[in-house]
Amino acid sequence: MASLLIENIKCLAGVRRENSLLRGKDLVDLPVLDNAFIIVEDDRIADFGQMKSLSGKKLPSSVIDASGQYILPAWCDSHTHIVFAASRESEFIDKLKGLSYAEIAAKGGGILNSARHLNLATEAELFDRAWRRLEEISRLGTGAVEIKSGYGLSVDGELKMLRVIKRLKEKSQLRIKATFLGGHAYPTEYRENHNSYIRLIIEEMLPVIAHEKLAEYIDVFCEQGFFSPDEMKTICEAGKKYGLKPKLHVNQLNSIGGLQAAIELNAISVDHLETMTEDDIQSLARASTSRNDATRPTIGTLLPSAAFFLRMPYQPARPLIDGGCAIALASDYNPGSSPSGNMNLVIALACIQMRMLPEEAINAATINGAYAMELEEEVGSITVGKRANLILTKKIPSLAYIPYAFGSNVIDKVMINGELV
Ligand code: NIG
Ligand code: FE
């Protein structure tokens with residue numbers, strides 16, 4: 001058995017004996033141990049405590065000294081689209097020049113642009129490009145990640161994406177969850193014939209996805225000009241028959257009842273939430289507690305880097321937290337609205353732009369992110385038996401320094417499954 005002691009840790013943050021989803025005012029509760037140690041055995045956390053309780057223990061021979069350093073659980077990024085064929089910086093330039101979303105879409109841009117490139121790429125090319133992005137985010141401290149399809153929008157394209165995600169899962173040290181997002185946009189040929197595309201999803205895609213076990217979640221982009229709440233319901237109900245649970249894009253650009261429909265579907269999470277009415281906030285607060293033993297609470301996943309990149313109003317984190325909601329933070333890493341998977345930046349934006357406290361942001365990006373992927377038994381906190389997925393910071397003065405020094409790399413080392421990356 002490989003075992004390792006990390007000693008003299010200035011502060012070990014996110015230490016939890018028990019899991020709980022953090023709602024409302026509890027989100028700020030980030031338990032820490034000063035002057036601490038942690039023992040890693042193989043890929044798991046075997047023990048931790050304060051240095052003074054170390055004497056008398058049988059200690060591993062491999063030792064890392066972490067004087068002056070903070071250690072926290074690796075980020076749990078519960079919403080990404082990291083399988084894509086090509087970046088879209090020409091659209092970015094068009095936007096800088098003042099073109100609207102609609103004008104860009106009319107020029108063949110947007111999701112359909114990504115779909116064109118994806119359908120031309122081979123599975124091997126897509127794997128390679130996504131693999132590099134996974135390596136990049138793991139160096140930035142991400143240890144678990146959800147990845148969506150949604151740039152195929154054809155039977156072959158969607159299955160190709162999901163098979164790439166399955167291979168990433170098998171090969172990567174990161175814990176990965178897969179989401180089927182066939183309902184991301186209507187392909188041009190189905191613009192006037194929504195039912196036929198929905199039928200394609202239900203009759204041609206879902207059975208193969210279930211048969212090959214390609215996804216655990218189902219997602220739909222519920223938005224004006226994309227999928228209506230009713231269309232989302234039809235797709236999700238079909239997905240549920242195959243055991244896929246909903247994790248949904250709602251309330252990004254407009255509040256059209258997507259959030260309430262998602263809650264009725266017992267969504268694991270409702271993601272984006274840039275556009276929330278008072279009523280939407282109350283609906284989510286009510287859904288934040290389990291409705292019965294079989295139903296998990298619905299988590300609101302905020303994606304501040306998408307709001308940043310699209311120059312949109314940020315998600316109303318304070319009213320959501322103060323209203324008692326359970327929220328997570330994620331990167332939305334994708335070529336159109338958030339070409340970054342840097343969770344450190346997400347944390348900084350959450351604090352600087354959304355007034356989340358550093359402890360709230362760290363919890364939302366670790367334990368609550370783990371809940372938003374149903375991975376709370378494995379990752380998201382410093383807990384004996386969980387995976388040794390750790391961020392070791394450089395020597396920094398405080399935890400608040402992480403979001404404060406938003407442009408600096410504060411990470412010294414990242415450990416995933418007990419191995420330094
Ligand atoms: O989550 N909003 C919908 N989908 C993606 C962006 C899609 C794209 O532009 O490629 C998102 O932001
Ligand atoms: Fe997204």
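User: Buried means under 20% relative accessible area; which residues of α9 are buried by that rule?

Analyst: In this predicted model, the buried residues of α9 are Asp 280, Ile 281, Ser 283, Leu 284, Ala 285 and Ala 287, and each of these therefore falls under the 20% limit.

User: What covers the buried residues of α9?

Analyst: Their cover includes the helices α8 (258-264) and α11 (317-322), together with the strands β11 and β12 (299-302).

User: Is Leu 273 buried or exposed, and how do you know?

Analyst: The relative accessible area of Leu 273 is 0%, and the limit for a buried residue is under 20%, so Leu 273 is called buried. Leu 273 is found in the loop that runs between β11 (269-272) and α9 (278-287), and although Leu 273 is not a glycine, its phi is positive, at about 65°.

User: Arg 355 also has a positive phi; what makes Arg 355 count as buried or exposed?

Analyst: Arg 355 has a relative accessibility of 65%, and a residue is exposed when that value is over 50%, so Arg 355 counts as exposed. Its phi is about 60°, again in a residue that is not a glycine, and Arg 355 belongs to the loop between α12 (343-352) and α13.

User: Why is helix α13 called mostly covered?

Analyst: The helix spans residues 358-365, and seven of its eight residues are buried. Those buried residues are Pro 358, Glu 360, Ala 361, Ile 362, Asn 363, Ala 364 and Ala 365. Two of them, Ala 361 and Ala 364, are among the residues in contact with Met 356 once sequence neighbours within four places are left aside; the contacts of Met 356 also include Leu 27, Ala 317, Ile 321 and Cys 351.

User: Which residues touch the most other members of the largest nonpolar core?

Analyst: They are Met 232, Leu 329 and Met 356, in a core of 108 residues. Helix α6 (residues 194-211) gives the most to this core, with seven residues.

User: What else describes how domain 1 and domain 2 are placed, and how many residues are in contact?

Analyst: Their C-alpha centres are 29 Å apart, and 29 residues of domain 1 are in contact with 37 residues of domain 2.

User: What makes Ile 93 partly exposed?

Analyst: Partly exposed residues lie between the buried limit of under 20% and the exposed limit of over 50%; at 37% relative accessibility, Ile 93 therefore counts as partly exposed. Ile 93 lies in helix α1 (residues 89-96), and together with Phe 92 and Leu 96 it forms a nonpolar patch on the surface, with about 260 Å² of accessible area for the three taken together.

Terms used
Residues are numbered from 1 along each chain as its sequence is written. Chains are lettered from A and ligands numbered from 1 in the order in which they are written. This is a predicted model: local features need pLDDT of at least 70, side-chain atom pairs count only at pLDDT 80 or more; totals for chains, interfaces and linings use all residues. Side-chain values use heavy atoms; hydrogens and water are left out. Buried means under 20% relative accessible area, exposed over 50%, partly exposed in between (1.4 Å probe, protein chains only). Helices (H or I, at least four residues) and strands (E, at least two) are DSSP runs, numbered from the N terminus. Patches are made of residues with over 30% relative accessible area and no salt bridge: like charges are joined within 9 Å, nonpolar side chains (Val, Leu, Ile, Met, Phe, Trp, Tyr) within 5 Å. Accessible areas come from the Shrake-Rupley method with a 1.4 Å probe; for residues, only the protein chains shown count as cover. A salt bridge is a side-chain nitrogen of Lys or Arg within 4 Å of a carboxyl oxygen of Asp or Glu. A nonpolar core is a set of buried Ala, Val, Leu, Ile, Met, Phe, Trp, Tyr and Cys residues joined through side-chain atoms within 4.5 Å. Contact means heavy atoms within 4.5 Å. Domain bounds come from an automatic or database domain assignment.
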